[in-house]
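Hi everyone, thanks for coming along. Please have a look at the structure on the screen, and then we'll walk through it together.

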Amino acid sequence: MGNTSDDDKILSYEDVVLRRSDLDILNGPIFLNDRVIEFYLSFLSTVHSSTTISLIPPSIAFWISNCPDTEYLKDFMKPLNLRDKDLLILPVNDNSNVEVAEGGLHWSLLVYYKEANTFVHHDSYMGVNRWSAKQLFKAVSPFVSNGDASYKECTDTPQQKNGYDCGVFLLATARVICEWFSSGGMKNRDELWFANVKETVPDLVKHLREEILALIKKLMSESVSK
């Protein structure tokens, strides 16, 4: 056997390349990085493959929020066809420096639901990402509506009890909302997915790291056997 490195590529899934160090992140009480977030959102997009759902990778959401050139942003956004989406999932990170890759200290989730023309921010740590979420909302809103979309902080978002599980809460919340949408919950415009998130996310986050790790190992095994 040759020598292995923490940077060895272990899996290529859709457009995401995972490395051996990502397994350590999932094994331990560590802040989830962009790759793990992007991998699981990509996986959810294959489970919920409707053309009306769009789960945006962290790097794309970050660029939309921080792009300094409005004309370039318009060209960048065109291929995303966001006006055709009924549900939009956007990771929020508090990194504001475009020169620092994978910066930031906290993840949260911004969701756009076309039927209600509303952006909802789910933050698992007392709303500390509110400024970053509103910045992303202002940047993306013109590309999904006529600029009249509303913004809402979900005060019932389940809260993390440590300093490192924000990414897990983001992914768990995204999963519950996608399941709500795919099961026809989108017909309930008034209550939306709030009750589902409040009831389901706390238990889901307890085992989601292990579930994602098992998924990666399964996909690794399948790729070897091909």
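Predicted model: local features only at pLDDT ≥ 70, side-chain atom pairs only at ≥ 80, totals over all residues.

Let's begin with the sheet: it is open, has 5 strands in the order E3-E4-E5-E6-E7, and its pairing is mixed. Helices (H or I, at least four residues) and strands (E, at least two) are DSSP runs, numbered from the N terminus. Two strands pair if DSSP finds at least two bridges between them.

Which strands stand at the edges? They are E3 (53-55) and E7 (150-153); each has a single partner strand, so one side of each has no neighbour in the sheet. From one strand to the next, the twist averages 20°. Angles here run from 0 to 180 degrees between N-to-C directions, and axes are lines fitted to C-alpha atoms, for helices over the stretch in contact.

Now look at E3 and strand E4 (residues 87-93): they run parallel and are joined by 3 bridges.

Residues are numbered from 1 along each chain as its sequence is written, and side-chain values use heavy atoms, with hydrogens and water left out.

On to the helices. Helix H5 (residues 130-140) lies across E4, E5, strand E6 (118-122) and E7, at about 135° to E4. Contact means heavy atoms within 4.5 Å.

How do H3 and H5 cross? The axes of helix H3 (residues 58-66) and H5 come within 8 Å and cross at roughly 80°. That is why H3 and H5 count as roughly perpendicular, the word for angles of 65 to 115 degrees (under 35 is roughly parallel, over 145 roughly antiparallel, and the rest oblique). Ala61, Ile64, Ser65 and Asn66 in H3 meet Ser132, Gln135, Leu136, Ala139 and Val140 in H5. By class, this contact has 5 nonpolar, 4 polar and no charged residues. Here Ala, Val, Leu, Ile, Met, Phe, Trp, Tyr, Cys and Pro count as nonpolar, Asp, Glu, Lys and Arg as charged, and the others, Gly among them, as polar.

Zoom in on glutamine 135, which sits in helix H5. Leaving out residues up to four places away in sequence, glutamine 135 touches Ser65 and Asn66. The C-alpha atoms of glutamine 135 and asparagine 66 are 8.3 Å apart, although 69 residues separate the two along the chain.

Next, the other helix pair. The axes of helix H2 (residues 34-47) and H6 come within 11 Å and cross at roughly 10°, and therefore H2 and H6 are roughly parallel to each other. Val36, Ile37, Tyr40, Leu41 and Leu44 in H2 meet Gly167, Leu170, Leu171, Ala174 and Arg175 in H6. The residues of this contact divide into 8 nonpolar, 1 polar and 1 charged.
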